[in-house]
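Please look through the sequence and the model below, then follow the paragraphs with both in view.

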Amino acid sequence: MNEHRIWPLPYSGLPAILNSVAFVLLTFALIAIVSHSETYFLVFFLTGIAMNLVASGKRVVIRNEYIMLEYGFPKPVLRYVVRDVVEIFDINELSRGRLVKYFKALLLSFILVMILPLAYVVVKGAYPNPAYLPLMVIPVIMGVLLLMYLIFTASSYRRFLVKASIATAVVSAYVVSIAVGFLYRDFYGRSVFSDPTAVAVWLVSVLLFAVLAIAITFFAGRNHIVILVDTRGRYYAVGTASTEIAREFMSMVFNVMRESRKGSRDDDDA
Amino acid sequence: MMTMLKLPKRMEEVLLAVYGYGKRESEVAKELGVSKQAVSKFVREGRARLTEIFLEVSEVLHADLVRINLRKGYAIIKPRQLRVNAYVFYVPGCGPRVLFKGDIKCSEEARTLCKDIVKAIKAWGLIEVCNGASDEEDIIRCIIKLLEE
């Protein structure tokens, strides 16, 4: 099997924590750049990217009796050995599959972002500049919306993926547009709408962003997520590039599950 | 090689005690008068055999396996011809029973199948989630909803 077509997902354990913290740091970096705090921006941005790289899934190694999930780019930094698999399923094939039921850590980043305005007030000891309020409030609304989608409305993982991607793309385009507007006024001292060329470039960028979001949604929809559960009740997620690859991977795990009997007798009535 | 689609009696007892009733391996060992290592071995072997049983059922029905849960004794398969999910329950003492989606009617000839499936649901400890369900049909519908989550 092509190793690049299956990869571990950072939905549980340390990779999930790193990923969530990175998400929050990158949000802080966005606020720092708007607040002209270049040093903070660099610290938040670089730390966030480094954490994301450490948490990114590198490869899945399948041996006779275990499955090893490696995280980290370019070199694997974290390794998880999954033994004694007692449950395996392709969440995309379930009619009511909800990722959040198994990976509560996915909510962590949204919850952290939701408390961002409060954190800002506590850290700064002052109320934020009203001009930056939308920038701070929108990620909060985005988090709440996504939570609502995750918990209440999505009847299946596939449907959730499409709806949540559209919502995220629209809200993100909105946030980026506001940031562009703020930055333009800060740099040039006038509205971005006073410069037709700048507006045109800005609109093209937003359009490209929308195209990128559609492409990501399309490819993410084709990917399948296979979930493994071990005897200790720990959940692990593995991404696969297509339905066929997911089936191929699952049949390899079935072989591991069959092989795990090591050392037992083969007679029928022990 | 064709596997017998049934677990050996003692192995089944141990698996149900550990996963169905949630007993510790040491407790089960004490009850059965065997060592803890022997119980661990039964559990490992039982899991491997249950996997083989589910694989064999899916092969016979030309289906893809979508989900296997060895702790709760069930699997979800997708027959390639039908494109609709089917549910395989391991019934203690009987072996696997298959139920197709949208085929849940517990009258007349399907009565025995429903009884067997409810027996499996109870033995593997799945029933707790559907305590409110009144009859066999309701219990099965409730469980299937749960398996699809």
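Chain A has an accessible surface of about 14200 Å², and 67% of that area belongs to carbon and sulfur atoms. The model is a predicted one. Of the 270 residues in chain A, 41% count as buried. The secondary structure of chain A consists of nine helices and seven strands. Among contacts in chain A between residues at least 6 apart in sequence, 63% join residues at least 24 apart.

One part of the surface can be described residue by residue. Leu42(A), Phe45(A), Leu46(A), Ile49(A), Leu53(A) and Phe73(A) form a nonpolar surface patch, with about 540 Å² of accessible area together. Ile49(A), one of these residues, sits in helix α2 of chain A, which covers residues 38-55. Ile49(A) counts as partly exposed because its relative accessible area is 34%, a value that lies between the 20% limit for buried and the 50% limit for exposed. As a general point, an α-helix has 3.6 residues a turn, so residues three or four places apart point the same way.

Strand β2(A), residues 57-62, runs antiparallel to β3(A), and five bridges join the two. They form a hairpin with four residues between them. Within this pair, Ile62(A) has Ile67(A) in β3(A) as its bridge partner. Strand β3(A), residues 67-71, is also joined by five bridges to β4(A), residues 78-82, again in antiparallel fashion. Here Glu70(A) stands opposite Arg79(A). The hairpin of β3(A) and β4(A) has six residues between its strands, and in it Gly72(A) takes a positive phi near 125°.

Which strands make up the open sheet of eight? Their order is β1(A)-β7(A)-β6(A)-β5(A)-β1(B)-β2(B)-β3(B)-β4(B), and the pairing is antiparallel. In general, strands of a sheet pair through backbone hydrogen bonds, either parallel or antiparallel.

On the chain B side, helix α5(B), residues 136-147, lies across β1, β2, β3 and β4 of chain B. The helix runs at about 110° to β3(B).

Is helix α1 of chain B largely enclosed or largely open? Nine of the twelve residues of α1(B), residues 9-20, are buried, so the helix is largely enclosed by the rest of the structure. Among the buried ones are Met11(B), Glu12(B), Leu15(B) and Tyr19(B). The buried residues of α1(B) pack against β5 of chain A (85-90), and also against α2 (25-32), α3 (36-60), β3 and α4 of chain B. Just after α1(B), Gly22(B) takes a positive phi of about 65°.

Helix α4(B), residues 111-123, contains Ile121(B). This residue counts as buried because its relative accessible area is 0%. Leaving aside residues up to four places away in sequence, Ile121(B) touches Phe89(B), Leu126(B), Ile127(B), Ile139(B), Ile140(B) and Ile143(B). The C-alpha atoms of Ile121(B) and Gly20(B) are separated by 9.2 Å, although the two residues are 101 residues apart along the chain.

Methods
Residues numbered from 1 in each chain as written. Chains lettered and ligands numbered in written order. Predicted model: local features only at pLDDT ≥ 70, side-chain atom pairs only at ≥ 80, totals over all residues. Heavy atoms only, no water. Pairing = 2+ DSSP bridges. Contact = heavy atoms within 4.5 Å. Axes fitted to C-alpha atoms, helices over the stretch in contact; angles between N-to-C directions. Patch = residues over 30% accessible without salt bridge, like charges linked within 9 Å, V, L, I, M, F, W, Y side chains within 5 Å. Areas by Shrake-Rupley, 256 points an atom, 1.4 Å probe, with all protein chains shown as cover. Salt bridge = Lys/Arg side-chain N within 4 Å of Asp/Glu carboxyl O. Buried < 20%, exposed > 50% of the residue type's maximum accessible area, 1.4 Å probe, protein only.
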